[in-house]
Number of protein chains: 2
Amino acid sequence: MTEIPKNHPRYESLSLREEITRCVEAGITSRQGLIAHGRGEAIDYLIGEKSLPTALEAEDAAVALLLTAERPVISVNGNTAALAPKGIVELAELVDAKIEVNLFHRTEERIAKIKEHLESYGARGVLGLEPNEVIPGLSSERAKVSREGIFSADTVLVPLEDGDRCEALVAMGKKVIAIDINPFSRTSRMAHISIVDNVIRAIPNMIKSANELKYTRVIDLLFMIECFENKKNLKSTVEEIKRGLDEGRLEESQGYSKLSIW
Amino acid sequence: MTEIPKNHPRYESLSLREEITRCVEAGITSRQGLIAHGRGEAIDYLIGEKSLPTALEAEDAAVALLLTAERPVISVNGNTAALAPKGIVELAELVDAKIEVNLFHRTEERIAKIKEHLESYGARGVLGLEPNEVIPGLSSERAKVSREGIFSADTVLVPLEDGDRCEALVAMGKKVIAIDINPFSRTSRMAHISIVDNVIRAIPNMIKSANELKYTRVIDLLFMIECFENKKNLKSTVEEIKRGLDEGRLEESQGYSKLSIW
């Protein structure tokens, strides 16, 4: 692993790369997950590597939806487990959601390692190791879910999800909350609430929001959800990205530093 | 490795992912290279996954520069070796350039493997294994170069380069041609000719161009180089990316335009 100086202008981004790379070595994240992480990095440059107002709005609505859900589940994959394990566990406790591991490149071994990883951050009863149901209309390993988890959930939070499964969950009649930095992805287009933000910012934002909203009256939470317009939110996000290009935000994000960002 | 159906709308992109992942397992590409590949993928979505007219223009000028150079060198890293080994060897022969392996995450072992990999495609005398010079003002392993290669080159083609080294090569007085899909990167801003294109398209384009230009009079090649304006070219590329966002090109690139719910 490369040692990154704390004063490096790209310290956080480079540290995350090292961490997710370490998680590949630990068998938690797949190699393809590294490519996905890179795609996220590039789109985060466009967004300016900060939570947009539209993202904060979506994060609040998402928390309201999780708090009012009867059987909320947080679906965790290799990248989420690598980037936000502590936050996922804390958020699950705050909104009383179950955690289920579901992988695109599924292996029993990797699910066990992710379960272990999350448990080392205090997670309890992580599901996914013994799937006993299948998501209808979805081929591949991702269809395997547990009856007491994703299968019977009324609301599912899917950070860094793939479009097919997001669509299949929506088709099952579940409320789907996505965290996907790409506002153009099928996941973002298919989800009921699409959080266009980096998962490392989205989860802490949602924890903060959950701490504020957990004592709010259900009727007020339902009103918040009612007021949230996902399509409008996504459109505003795309407009913001275009503004970023005009302002050369991507250029700034490259941190024209003495040190290389690659 | 996952088997990808030939009829998959994203077949080429997914195959490249499998190939570069395979090259990590083979010790040719670094894990960090996978993240860089992902960044490239996302920006390629913005560009529309095709060579823009501005890229074709830069590729022609680059070939003219390589053909008129006295000591041209093509610098190869792990990602380039994974994505375009055959093309690099063919281009090097066409423009009579030396090939030198230079890595950000340098290990003797990886350089040897890349050399071997390129030789399996017919490369001869690949440099980089025994560096005997150093690029001034550049810390880290990337500074190590060979006297008969990059150090004494008058023109260097650097596909998928990092900003610092590109800057250092320019500071050495060399003509630098970059292939970098990010028009905002330091590399793109520092190079004399910045090819904003995916390396898997840029190299074949340059081979085609070299076959056309190799019998062109030097004076005409020099005129071509003279006429090329890098900053103007980059600006036009950024404008094209913005047009792409307006047209929802990134959305289409996800391979589901018919499915779009907007």
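**Notebook: salt bridges, a serine and a sheet**

I began with Glu141(A) and Lys144(A), whose side chains meet in a salt bridge at 3.2 Å, N to O. My cut-off: a side-chain nitrogen of Lys or Arg within 4 Å of a carboxyl oxygen of Asp or Glu. This is a predicted model, where local features need pLDDT of at least 70, side-chain atom pairs count only at pLDDT 80 or more, and totals for chains, interfaces and linings use all residues. Residues are numbered from 1 along each chain as its sequence is written, chains are lettered from A and ligands numbered from 1 in the order written, and side-chain values use heavy atoms, without hydrogens and water.

Next I looked up exposure (buried is under 20% relative accessible area, exposed over 50%, partly exposed in between; 1.4 Å probe, protein chains only). Glu141(A) is partly exposed at 32%, and Lys144(A) is partly exposed at 32%. I also noted a network of salt bridges with shared partners, joining Arg142(A), Asp162(A), Asp164(A), Glu167(A) and Arg186(A).

Then I turned to Ser185(B), in the loop between strand E6 (175-179) and helix H8 (186-190) of chain B. Ser185(B) is buried, at 2%. I checked its polar contacts (N or O atoms within 3.5 Å; within protein, one able to donate a hydrogen and the other to accept it, with sequence neighbours counted only if both atoms are side-chain atoms). The side chain of Ser185(B) reaches the backbone oxygen of Asn182(B) at 3.1 Å and has a polar atom 3.0 Å from the backbone nitrogen of Ser188(B). In chain A, the side chain of Ser185(A) reaches the backbone nitrogen of Ser188(A) at 3.0 Å.

Last, the sheet in chain B: an open one of 5 strands, ordered E2-E1-E5-E6-E7, with parallel pairing (strands pair if DSSP finds at least two bridges between them). Strands E2 (98-101) and E7 (193-195) of chain B stand at the edges with a single partner strand each, so one side of each has no neighbour in the sheet. Strand E1 (residues 72-76) of chain B pairs with E2(B) over 4 bridges, and Val73(B) has Lys98(B) as its bridge partner in E2(B).

Notes
Helices (H or I, at least four residues) and strands (E, at least two) are DSSP runs, numbered from the N terminus.
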